[in-house]
Structure formats: C-alpha cells, structure tokens
Amino acid sequence: MLERPRRNRKSPVIRKMLEETVLLPSHLIYPLFLVEGKAKPSAIKSLPGVFRLNLDDISKEIETCLKLGISTFVLFPVIADEHKDKKATYSYSSKNFYLLAIKSLKKRFPNAMLMSDVAMDPYSTDGHDGLVVNGEIVNDQTLPILAKMAVAQAEAGIDIVGPSDMMDGRIAYIREALDINKFSDVSIMSYTAKYASAFYGPFRDALDSAPKSGDKKTYQMNPANKYEALREAQLDEQEGADILMVKPALCYLDVIHLLKENTTLPIAAYNVSGEFAMLKAACANGWLNYEQAMPEQLLSIKRAGADIILTYFAKDFATLYKKIN
Ligand code: PBG
C-alpha cells in the first residue's frame with residue numbers, strides 16, 4: 001500500500017500538528033441575559049445552567065470569563081411588561097437599564113467587547129422584531145426605530161451592534177445613523193441569514209419575548225432556502241456590515257459554508273438556545289458525554305466556515321480548554 005492515511009494519525013502529537021481546524025476561547029461570544037435591579041440570579045428552565053443576571057452578577061460573570069480568555073459578550077435585556085409598548089420606545093430611553101448597564105460595564109471592563117441586540121421584540125407589546133400595524137409587520141416604519149436603538153446603544157458605549165430583526169435595508173439605515181452621529185467606529189454584526197427556526201424557544205422563555213400573535217415567517221428566512229442567504233449576504237455587504245451571521249448554526253452548516261466561500265467578510269454563527277438545550281438534555285440523561293460532544297459540536301461550526309461562534313457553551317468550553325491545555 002502506497003497510501004496509508006493512518007500514518008498521519010499515529011500519535012497525539014502528529015494529530016495535533018495536522019489539525020485543520022482550531023477553536024479557541026477567543027473565537028467565542030458569550031450571550032448574557034440582563035435583568036433590572038437587584039434580583040437574585042434566576043434559572044431558565046429550558047436553558048440549564050444559564051441564568052438571568054443583574055448588573056453586579058453580570059460583572060462577576062464577565063470577570064470570570066475574561067480570565068478564561070472570553071472577551072466578547074452579547075447582552076440581552078429582560079424587559080418588564082410595564083416598559084413595553086407598540087413602538088418599543090423604552091429601547092432608546094435614557095432611563096433604559098440595559099443602556100445604563102452597557103455604560104457601566106464598558107467603564108469597568110474597557111478591554112472587553114460588548115455586543116447588543118437590535119430588534120424590537122423584547123420591548124414590544126406585540127413581541128415582534130418590527131412594528132406591527134393592522135396585524136402586519138411593516139418594514140420601512142421599523143427602520144427609524146432600529147436606528148434610534150442602535151444610536152442609543154452606541155452612545156452607551158457598545159462596541160458592536162447586532163441587528164437581529166431581518167427588516168430589509170436596515171444595515172444601510174443603521175450604518176448611516178451611526179455615522180451621522182459620529183459612531184463610525186461602532187461595528188455592525190448583521191444577523192444576515194436568520195431563519196424562522198423552532199430552535200429559539202428557550203431564548204424566548206428567557207426573555208418572555210415570544211410573538212403575541214402569528215409567527216416571524218414574513219421576515220425571518222424559510223429553513224428550506226440556501227441561495228436566498230447569499231442574496232441577503234450580498235445586500236448586507238453592500239450596505240456596510242462588518243461581520244455576517246448565520247443563525248441557527250447546527251442545522252445550517254451548509255449555509256455557513258456557502259457564505260464563507262462567497263464573501264471576504266468574517267462569518268459568525270449563532271449556536272442558538274434550542275441547540276444548547278438539546279445537547280444539555282441528552283447529557284443530563286447520560287446519553288452523550290458533555291466534555292466530548294460539546295467541543296465536537298462547536299468545532300463542526302468552525303469547520304463549516306464560521307470564524308466566530310455565539311454560544312451558551314462559551315464558558316464551559318473555555319473552562320475545558322484551560323483544563324486540557
Ligand atoms: C431577537 C433574538 C432572538 C434570538 C436572538 N435575538 C429570538 C427571535 O428572533 O425570536 C434567538 C437566540 C437564541 O435562540 O439563542 N430578535
């Protein structure tokens with residue numbers, strides 16, 4: 001036999017040397033759920049091990065993660081019903097605890113990167129990412145609201161805004177608003193190919209942000225479509241996005257790969273709440289080994305073409321990484 005591929009697998013050293021894909025804690029973004037006030041950490045039943053945290057507890061979490069090599073965090077606010085209205089006005093109010101928290105976290109952790117979510121759903125009585133008028137999610141009237149939200153987040157000190165709303169034209173609209181307000185250094189990580197997925201369930205439990213009526217299929221993408229993702233990517237690129245995201249990750253590895261091959265922009269993938277919950281549930285039942293299955297899953301997302309992964313596993317991965325290396 002002339003060819004013996006097993007020679008390149010004969011020892012841990014050669015296997016490590018010939019590894020094609022490398023995943024580091026610095027490639028991960030850790031999502032955190034922020035609550036107003038001084039409430040104790042509250043568990044999210046469908047997201048085992050993930051908690052809604054107040055500002056003090058989030059600070060402690062960030063401190064721990066920085067030591068583990070995770071430096072980027074995406075923050076999601078849990079908004080009380082009393083702050084919600086049809087137009088999501090609280091999202092850019094100077095009293096918004098989320099904006100105040102960003103300001104205080106940036107002061108305390110100048111070396112950490114903070115990313116926001118730009119969409120109306122946590123702030124909206126309708127629970128939709130866009131403005132609802134006569135039962136319809138209207139595109140163009142949503143854009144100024146998203147822009148106000150993004151500018152308010154930039155004023156608070158956010159490093160990266162993450163429009164997750166899937167309205168048409170929002171990247172250009174937000175970019176222009178940021179630039180006019182002298183925030184040309186604030187990056188946009190666009191949720192470029194965000195699918196109308198069943199895997200966001202636990203996240204909506206965490207924020208109580210499920211749509212009050214209907215679904216998100218007129219703006220989020222059809223899970224059957226791949227080439228449409230390319231079209232969204234081309235638009236976001238033209239409109240000034242800095243990083244393109246695919247969401248969810250695991251059921252959409254082909255989409256991650258397709259976008260990676262067709263852009264020079266970095267690709268991010270959101271390993272969403274339902275994907276986290278599935279693995280956690282299997283591990284809790286003893287059906288899968290967490291320390292083996294979890295890194296394998298993350299690696300597959302990286303191998304498919306994601307440069308960056310947003311994942312609830314970030315802290316566990318970094319802890320394991322430190323233990324092994
Ligand atoms: C809000 C938003 C959602 C997620 C991130 N930002 C939910 C949705 O679109 O309904 C989901 C994240 C996850 O499931 O982990 N626009």
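This report describes the ligand site, the pockets and the cavities of a predicted model.

## The ligand and its surroundings

In the predicted model, the ligand has a shell of 18 residues, and those closest to it are Lys194, Arg204, Lys247, Ser273 and Tyr312. By class, this shell comprises eight nonpolar, three polar and seven charged residues.

An N or O atom in the side chain of Lys194 is 2.6 Å from an oxygen atom of the ligand. For Arg204, the distance between a polar side-chain atom and an oxygen atom of the ligand is 2.7 Å. Ser273 likewise places a polar side-chain atom 2.7 Å from an oxygen atom of the ligand. Taken on its own, the ligand has 410 Å² of accessible area, and the protein covers 100% of this area.

## The largest cavity

Where does the ligand sit? The ligand is found in the largest cavity, which holds about 120 Å³ of space. The lining of the largest cavity consists of 15 residues, and Asp121, Lys194, Tyr200, Phe203 and Lys247 are the ones nearest its centre. Lys194 and Lys247 are also among the residues closest to the ligand.

How do the residues that line the largest cavity divide by class? Six are nonpolar, three are polar and six are charged.

## The second largest cavity

The model contains two cavities of 30 Å³ or more. The second largest cavity has a volume of about 30 Å³. Its lining is formed by Leu230, Ala233, Gln234, Glu237, Leu259 and Asn262. Helix α7 supplies the largest share of this lining, with four residues. In terms of class, the lining of the second largest cavity has three nonpolar residues, two polar residues and one charged residue.

## The largest pocket

The largest pocket has a volume of about 620 Å³. It is lined by 19 residues, and Lys16, Glu19, Thr21, Leu23 and Leu299 are the closest to its centre. Which elements each supply at least two residues of this lining? They are α1 (12-17), α10 (290-304) and α11 (314-324). The greatest contribution comes from α10, which gives five residues to the lining of the largest pocket.

Sorted by class, the lining of the largest pocket contains ten nonpolar, two polar and seven charged residues.

## The second largest pocket

About 340 Å³ is the volume of the second largest pocket. Among the 21 residues that line it, Met166, Met167, Asp168, Tyr219 and Glu232 lie nearest its centre. Two or more residues of this lining come from each of β7 (136-138) and α7 (227-239). Helix α7 provides the largest share, six residues. By class, the lining of the second largest pocket has seven nonpolar, six polar and eight charged residues.

Technical notes: Residues are numbered from 1 along each chain as its sequence is written. This is a predicted model: local features need pLDDT of at least 70, side-chain atom pairs count only at pLDDT 80 or more; totals for chains, interfaces and linings use all residues. Side-chain values use heavy atoms; hydrogens and water are left out. A residue is near a molecule or strand if one of its heavy atoms lies within 4 Å of it. A polar contact is a pair of N or O atoms within 3.5 Å; within protein, one must be able to donate a hydrogen and the other to accept it, and residues adjacent in sequence count only if both atoms are side-chain atoms. Accessible areas come from the Shrake-Rupley method with a 1.4 Å probe; for residues, only the protein chains shown count as cover. On a 1 Å grid over the protein atoms alone, a cavity is a set of points where a 1.4 Å probe fits but cannot get out, and a pocket is an open set with protein on both sides within 12 Å along at least five of seven lines; lining residues have an atom within 4 Å of a point. A molecule sits in a cavity or pocket if more than half of its atoms lie within 2 Å of its grid points. Ala, Val, Leu, Ile, Met, Phe, Trp, Tyr, Cys and Pro count as nonpolar, Asp, Glu, Lys and Arg as charged, and the others, Gly among them, as polar. Grid points are joined across faces, edges and corners, and a volume is the space filled by probe spheres set on the points.
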